[in-house]
Amino acid sequence: MEILKHDLLIIGSGIAGLRAATAAAWASGGKISIAILSKIQAMRSHSLSAEGGMSAVLYPEKTNDSLELHAYDTVKGSDFLADQDAVQVLVEYAPKEVRYLERIGVPWTREPDGRIAQRPFGGMSIPRTTFAADKTGFFIMSTLFSETRRFDNIHVYHEHFVTKFIIENGEFRGVTAYDLKRGEFKFFYAKAGVIATGGAGRLYRFTTTAHSTTGEALAYALREGIAIKDMEFVQWHPTALVPSGILVSEAARGEGGYLINKDGERFMKKYAPQKMELAPRDIVSRAILTECMEGRGFQHESGMCYVGLDLRHLGEEKINKRIPFIRELAHKYAGIDVLSEPIPVRPAVHYTMGGIHTDTWGRVLTADGKWVRGLWAAGEAAAVSVHGANRLGSNSLSECSVWGRLTGEQAAKYILEQPPLSSPDGKVVEIAKKEEARVFDKLLHKEVNAPTPYEVKRQLNDIMEEHFGPFRHGSAMAEGLAKLKKLRDVSSYRVVDSSKVYNQNLKDALEVDGMIDLALVIGIGAYARMESRGAHYRLDYPKRDDVNWLRHTVAYLYGGEIKLTYTPVTITKWQPEERRY
Amino acid sequence: MKSLVVKVKRFDGSKTWWQEYKVDISSEKISVLDVLIKIKEEQDPTLAVRYSCRMAICGSCGMVINGIPRLACQTLISELGDSKITVEPMWNHEVVKDLVVDLEPDFEKVKAVKPYILRDTKEIYESDVEFGQRPEDLEKYYNFAYCIQCGICMAACPILGSNPKFLGPMALNAAYRWSADSRDRGWNARRAVIDAEDGVWPCHLAYTCSAVCPRGVDPGFSIQLLKSAILRRRARP
C-alpha cells in the first residue's frame with residue numbers, strides 16, 4: 001500500500017470540488033499541496049450534465065432584481081425549510097462567482113451590449129438565470145477543470161475510488177482509495193479534506209443523473225460518525241426524456257415551452273395559475289404525475305406515461321441559439337424533431353436536497369453538532385442547507401461554485417495555521433491497511449453464493465421507485481423499509497472479476513454497498529416525517545405541518561443502526577406562509 | 001425481440017483476444033453503451049468499459065464501433081443497420097483493459113498549451129469585475145469550446161499513428177480556443193509551444209479528426225486557423 005501525502009484532499013471533481021481546488025490554490029499562494037480525487041476521470045463529473053443555468057443577481061440597477069428577492073424566492077421554493085442565513089450567503093456570493101467564472105473563460109451567452117444574458121426559471125420571480133446556451137454545466141465544468149491546470153500545486157488523481165474516510169479523535173486524517181488504472185490501493189494522508197462527491201440519483205431507476213451518481217461516499221461518511229441531513233427530500237425533475245430519463249432542461253420552459261396533456265391542454269393552469277410551467281419543480285412534477293394518474297397522459301411503448309413538452313411555437317432560431325442541446329437530445333434519444341412534435345417527458349429523480357450535515361460555512365458536523373476538524377463538504381453532497389425541501393432550478397450551480405470557493409478558502413487557511421504534515425502514525429496506517437484487506441481480500445474473492453452487485457442494485461432501484469417515490473404513504477414506506485433492511489443483510493457480493501487493474505466489478509460492489517445505507521437514510525427519514533413539504537409528499541399527511549416539522553432531519557449511525565435526531569431551521573426574515581404560484 | 005452479436009476486442013494486461021456475446025434486445029433505439037452495460041450486468045462482469053453520463057456530454061465512452069471511432073452512448077443500434085457489432089478500444093492509445101484506454105497522455109498535451117486565460121492572474125482572483133465579451137467575440141471561439149476531451153479525434157488522427165509526440169487535434173484545438181478568446185492575452189506563450197516540430201506542422205489536413213468529432217468541434221479547422229495566424233504573424237488568431 002502506497003502512502004501519499006497532500007495537505008488538502010478534495011474528494012469529487014464536479015463544480016464544487018474543482019472550485020474548492022482553485023480557491024485553495026490561490027488562497028494559499030501556492031504554498032499547499034492539493035489533491036483532487038475523482039472516481040472517474042476528473043473532467044467527466046456529473047456537474048457537466050447541468051443544462052439550464054446558474055442563478056445570480058447580476059445587474060440589479062437594470063433589472064430591478066435584488067439579493068433580497070433572490071433569497072425570498074429561494075426560501076419560498078424550499079417550502080421554508082432552508083436556513084435563511086445560508087441562503088443569504090448564497091445570494092451574496094453567487095454574483096461574485098458568476099463574474100469569477102467569466103474571468104476564467106466561461107462562454108456565457110451575451111446580450112448585444114456584452115452583458116451576461118439571463119433567462120427566466122421556475123420559482124424565480126425575475127429572469128436571473130445566467131447561462132451558456134443549454135450546456136451551462138458543461139461549460140463551467142470544462143472551464144474550471146482547465147483552470148486547475150494553471151496551478152502546479154493541484155494534483156489530479158483520475159479514477160481513484162475513495163473507499164473510506166479516516167477520522168481519528170474528531171479530526172480528519174485522510175482517505176483510502178482504489179486506483180483503478182494501476183490496480184493499486186493507496187492511503188492519502190492529509191491535514192484537511194473537502195467532500196464534494198455530488199448526489200445519489202442512481203438509487204432510483206428513472207433518473208436524469210449519470211451512472212456514476214451513486215452517492216456511496218455519503219454512506220461512507222455516515223460510517224465514520226458524520227451525520228446526514230434532510231435526505232428524504234429527493235427532487236423529481238419534471239421533464240426527463242422518455243424512455244431514457246435524459247434531462248430536458250427547465251430552460252425549455254424558461255424560454256417559453258408549454259406542457260400539454262393528451263387533450264392538448266396546458267394543464268399547469270390548474271395547478272399553478274400564475275407561474276404555470278415555471279412553478280417550482282415539486283409542484284410541476286406532481287402535476288404531471290396527477291395528469292397521468294387521471295388518464296390524461298400519453299402512453300409510451302415502454303409502458304411509461306408521459307406528457308408533451310411543446311416547443312413548436314418558439315421558432316427554429318430561438319431553439320438553435322438558446323436550447324440547441326435539447327433539440328439534439330430529443331432527436332437522438334427520442335427520435336423526434338422539436339420543431340414539429342412535442343417532446344415526450346415525465347418526472348425523473350434529479351437531485352438530493354439532503355446531504356452531509358454541515359454548518360453555514362460547509363464545515364462537516366456530527367449529529368451533536370460538533371465539527372469534524374479539518375473536514376468540509378460542498379455542493380450537492382452537502383446540506384448547508386439552502387434548498388430545504390425543494391431546490392429551485394439554477395440554484396445548484398450557484399451553490400456548488402459558492403461553497404466550493406468558501407470551503408477551499410477555509411481549508412487553505414486552516415492548513416497554513418497547522419504545523420507541516422508529518423508522517424502518519426502507526427494507528428492510522430493500521431486503519432488504512434485493514435481497509436485494504438477488506439477491499440482486496442474480502443470483497444475481491446469469488447463469493448459464489450452471494451448475489452451480484454447488479455442484482456442487488458436492481459432490487460434497490462425497485463424498492464426506491466415503488467416505496468419512496470414522489471407520492472408516499474406510511475404503510476407503503478413501512479413495507480419498503482422492511483425490504484431495505486433485508487437487503488442490507490447482504491454482506492458480500494459475487495465479484496467475478498479477480499483482477500486488480502480496472503476492476504469495475506469490484507468498484508460496482510463498493511458502490512452498491514454504500515447505496516443501501518444511503519437508501520435506508522432516505523427511507524427512515526421519509527417515514528418519520530409525518531407531513532408534506534416540498535418534494536416530500538405524503539398521501540396520508542398531505543399538509544405541511546410547521547408546528548411539528550419545521551426542522552431538519554439529522555441521521556446518524558449508532559451501533560450499526562440508523563437513528564434520527566432533529567435540528568431547528570434558521571429563520572432570520574421570513575416566517576412560513578402558504579406557497580402559491 | 002432482436003438478437004445481436006457483439007464482438008469485443010479484449011485485453012487483460014497480457015493477452016488480447018476477440019470475444020463474442022449474444023444479446024437480445026427489445027428495441028433498436030438503445031445505444032451501444034446500453035448493450036455493453038447489459039453484457040456487463042447479465043453475462044460478463046469482467047468486461048471493462050468506461051462510461052458515465054450516457055448523454056454524449058461527459059466524453060467517457062469513446063471506442064471504435066464497426067471501424068469508426070465514436071461515443072458508444074451516442075451510437076444507436078438502429079443507426080448501425082447491422083445485427084453484428086464490432087467494438088474495439090480507441091486507436092493510438094495504450095489499452096488499460098478491454099475497452100478502457102489511457103487518456104492521460106492526451107490530457108498532458110492539452111495542459112502543455114496552457115488551456116486557461118493568460119493575463120495577470122491577480123486580475124482574475126482579486127478583482128470582482130467582468131472582463132466582458134461582445135457576442136461577436138464569443139462566436140470566434142465558441143464552437144471550439146465544445147470539446148469534451150473524449151480522445152476520439154486523437155484515435156482517428158493518422159499522424160498520431162506514426163508520431164505519438166505530435167500534439168494532436170485535441171490539444172491544438174484547445175490552443176486555438178483559448179487564444180481566440182477576447183479575454184485572453186496568451187497567444188505569444190502558446191505560439192511558442194505550437195510553432196514547433198511536434199506542434200501544428202505535422203498535421204497534413206486529413207481532417208479525420210473533424211469527421212469523427214462527436215460534438216462537431218472541427219479541430220482540423222482550428223489547426224489551420226492556428227497555422228494561418230502563425231504564418232501571417234498575426235497578433236492573435
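The buried residues of helix H13 of chain A are Ala432(A), Glu435(A), Val439(A) and Leu443(A), where a residue counts as buried if 20 or more other C-beta atoms, placed from the backbone, lie within 10 Å of its own, as exposed if 12 or fewer do, and as partly exposed in between. The model is a predicted one, in which local features need pLDDT of at least 70 and side-chain atom pairs count only at pLDDT 80 or more, whereas totals for chains, interfaces and linings use all residues. Residues are numbered from 1 along each chain as its sequence is written, and chains are lettered from A and ligands numbered from 1 in the order in which they are written.

Helices (H or I, at least four residues) and strands (E, at least two) are DSSP runs numbered from the N terminus. The buried residues of H13(A) pack against strands S8 (160-168), S9 (171-179) and S10 (184-189) and against H16 of chain A, a contact between two residues being scored if their C-beta atoms, placed from the backbone, lie within 7 Å. The expected span of a helix is 1.5 Å times one less than its number of residues; for the 18 residues of H13(A), 426-443, this should come to 26 Å, and the end C-alpha atoms are 24 Å apart, which agrees. Tyr178(A), placed in strand S9 of chain A, is buried, with 26 other C-beta atoms within 10 Å. Leaving aside its neighbours within four places in sequence, Tyr178(A) is in contact with Phe161(A), Thr163(A), Phe185(A) and Val439(A), and Val439(A) is itself one of the buried residues of H13(A). Tyr178(A) and Gly315(A), by C-alpha atoms, are 50 Å apart in space and 137 residues apart in sequence.

Helix H16 (residues 504-528) of chain A also meets helix H15 (residues 474-488) of chain A, their axes coming within 10 Å and crossing at roughly 155°; axes are lines fitted to C-alpha atoms, for helices over the stretch in contact, and angles run from 0 to 180 degrees between N-to-C directions. The two helices, H15(A) and H16(A), are therefore roughly antiparallel to each other, given that angles over 145 degrees count as roughly antiparallel, under 35 as roughly parallel, 65 to 115 as roughly perpendicular and the rest as oblique. H15(A) passes H16(A) in a left-handed crossing, the term applying if the near helix is turned anticlockwise from the far one by less than a right angle, and right-handed if clockwise. From H15(A) the contact involves Gly474(A), Met477(A), Ala478(A), Gly480(A), Leu481(A), Leu484(A), Leu487(A) and Arg488(A), and from H16(A) Ile516(A), Ala519(A), Leu520(A), Gly523(A), Ile524(A), Ala526(A) and Tyr527(A). By class, this contact has 11 nonpolar, 3 polar and 1 charged residues, with Ala, Val, Leu, Ile, Met, Phe, Trp, Tyr, Cys and Pro counted as nonpolar, Asp, Glu, Lys and Arg as charged, and the others, Gly among them, as polar.

Helix H6 (residues 216-223) of chain A is mostly covered, with 7 of its 8 residues buried; these are Glu216(A), Ala217(A), Leu218(A), Ala219(A), Tyr220(A), Ala221(A) and Leu222(A). Just after H6(A), Gly225(A) takes a positive phi of about 95°. Positive phi values also occur at Asn64(A), about 65°, and at Asp79(A), about 60°, neither of which is a glycine. Cis peptide bonds are found from Val242(A) to Pro243(A), with omega near 5°, and between Val384(A) and Ser385(A), with omega about 5°. Pro243(A) belongs to the loop between strand S13 (234-241) and helix H7 (251-254) of chain A, and Ser385(A) to the loop between strand S21 (382-383) and helix H12 (395-417) of chain A.

Chain B has 11 helices and 7 strands, and its C-alpha atoms fill a box of roughly 60 × 40 × 30 Å along the principal axes. Of the 237 residues in chain B, 52% are buried. The contact between the chains takes 43 residues from chain B and 42 residues from chain A. On the side of chain B that touches chain A, the elements giving two or more residues are strand S6 (95-97) and helices H3 (104-112), H4 (121-126) and H5 (135-142) of chain B, with the largest share, 3 residues, coming from H5(B). By class, that side has 21 nonpolar, 9 polar and 13 charged residues.
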